[in-house]
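User: I've got a structure open and would like to go through it with you. Could you start with how the helices pack?

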Amino acid sequence: MVDIQIDCDQDSLLIKANPAGPTCHTGTTSCFKEETPKGFLYALESIIHQRIDENDEKSYTNQLYKRGINKVAQKVGEEAVELVIEAKDNDADLFKNEAADLMYHYIILLKAKGYQLEDIEEVLKQRNE
């Protein structure tokens, strides 16, 4: 729980909390179409974790994860090389798509290693001190 607020005529409460994962049955952060305060990457991380944790057999994410750490790391390496190749050209769409692919697979790799984006964010914050 982060905060509780009462409305102007004191007949409703707004309770703000930081959930430990998706709060809607659809797997989204909220039933109210709100973005997580940390941004979309954290919402994406929750979706990736959900697909893996629920062992969704139809999910590409889960299928890759189940192939093991070597395959996940290999995929991250492939995506990194593709991003470097696109960086040398001038096609912004291809570059951004390869960057997105790398980020997606990087989040899967973090999960496979038992880490989360927050762990890496903390390292970056410490470097800034």
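**Helix packing and the core**

Analyst: Helix 1 and helix 5 (residues 117-127) pack with their axes 11 Å apart, at an angle of about 145°. Please keep in mind throughout that this is a predicted model.

User: Which residues of helix 1 and helix 5 meet there?

Analyst: On the helix 1 side they are Leu-41, Tyr-42 and Glu-45, and these meet Leu-117, Glu-118 and Glu-121 of helix 5. Sorted by class, this contact between helix 1 and helix 5 has 3 nonpolar and 3 charged residues, and no polar ones.

User: OK, stepping back a bit, how many helices and strands are in the chain?

Analyst: The chain holds 5 helices and 2 strands, and from the N terminus the order of its elements is β-β-α-α-α-α-α. Of the 129 residues in the chain, 22% are buried, and the accessible surface comes to about 9,500 Å², with 53% of that belonging to carbon and sulfur atoms.

User: And what share of the contacts join residues at least 24 apart?

Analyst: That share is 40%, taken among contacts between residues at least 6 apart in sequence.

User: Back to helix 1, which of its residues are buried?

Analyst: The buried residues in helix 1 are Tyr-42, Ala-43, Leu-44, Glu-45, Ile-48, His-49 and Ile-52, and what they pack against is helix 2, helix 4 and helix 5.

User: What span should helix 1 have, given its 14 residues?

Analyst: At 1.5 Å a residue, the 14 residues of helix 1 should span 20 Å, and the C-alpha atoms at its ends are 20 Å apart, so the two values agree.

User: How far apart are the end C-alpha atoms of helix 4?

Analyst: In helix 4 the end C-alpha atoms are 31 Å apart, which agrees with the 32 Å that its 22 residues should span at 1.5 Å a residue. Its buried residues are Glu-98, Tyr-104, His-105, Ile-107, Ile-108, Leu-109, Leu-110 and Lys-111, and the buried residues of helix 4 pack against helix 1, helix 2, helix 3 and helix 5.

User: Which residues touch the most other members in the largest nonpolar core?

Analyst: That core has 13 residues, and those touching the most other members are Leu-44, Ile-48, Val-72, Tyr-104, Ile-107, Ile-108 and Leu-117. Helix 1 (40-53), helix 3 and helix 4 (92-113) are the elements that give two or more residues to this core, and helix 4 gives the most, with 5 residues.

User: What does Tyr-104 touch, then?

Analyst: Not counting residues up to four places away in sequence, Tyr-104 touches Leu-44, Ile-48, Arg-51 and Thr-61. Leu-44 and Ile-48 are also listed with Tyr-104 among the core residues that touch the most other members.

User: Switching to Tyr-65, where is it, and is it buried or partly exposed?

Analyst: Tyr-65 is in helix 2 (residues 60-66), and because its relative accessible area is 27%, Tyr-65 counts as partly exposed. Leaving out residues up to four places away in sequence, Tyr-65 touches Ile-52, Val-72, Ile-108, Lys-111 and Ala-112. For Tyr-65 and Ala-112, the C-alpha to C-alpha distance is 6.9 Å, while in sequence they are 47 residues apart.

User: And Glu-79, is it buried or exposed?

Analyst: Glu-79 counts as buried, because its relative accessibility is 4%, which is under the 20% cut-off. Glu-79 lies in helix 3 (residues 69-87), and, leaving aside its neighbours within four places in sequence, Glu-79 is in contact with Glu-98, Asp-101, Leu-102 and His-105.

User: Last topic, backbone. What is the phi of Asn-55?

Analyst: Phi of Asn-55 is near 55°, a positive value in a residue other than glycine. Asn-55 follows helix 1, in the loop between helix 1 and helix 2, and at a relative accessible area of 37% Asn-55 is partly exposed.

User: What about Gln-10, where does it sit and what is its phi?

Analyst: Gln-10 sits in the loop between strand 1 (3-6) and strand 2 (13-16), and its phi is near 60°, again a positive value in a residue other than glycine. Gln-10 counts as exposed because its relative accessibility is 61%.

Definitions and conventions: Residues are numbered from 1 along each chain as its sequence is written. This is a predicted model: local features need pLDDT of at least 70, side-chain atom pairs count only at pLDDT 80 or more; totals for chains, interfaces and linings use all residues. Side-chain values use heavy atoms; hydrogens and water are left out. Helices (H or I, at least four residues) and strands (E, at least two) are DSSP runs, numbered from the N terminus. Buried means under 20% relative accessible area, exposed over 50%, partly exposed in between (1.4 Å probe, protein chains only). Contact means heavy atoms within 4.5 Å. Accessible areas come from the Shrake-Rupley method with a 1.4 Å probe; for residues, only the protein chains shown count as cover. A nonpolar core is a set of buried Ala, Val, Leu, Ile, Met, Phe, Trp, Tyr and Cys residues joined through side-chain atoms within 4.5 Å. Axes are lines fitted to C-alpha atoms, for helices over the stretch in contact, and angles run from 0 to 180 degrees between N-to-C directions. Ala, Val, Leu, Ile, Met, Phe, Trp, Tyr, Cys and Pro count as nonpolar, Asp, Glu, Lys and Arg as charged, and the others, Gly among them, as polar. The expected span of a helix is 1.5 Å times one less than its number of residues.
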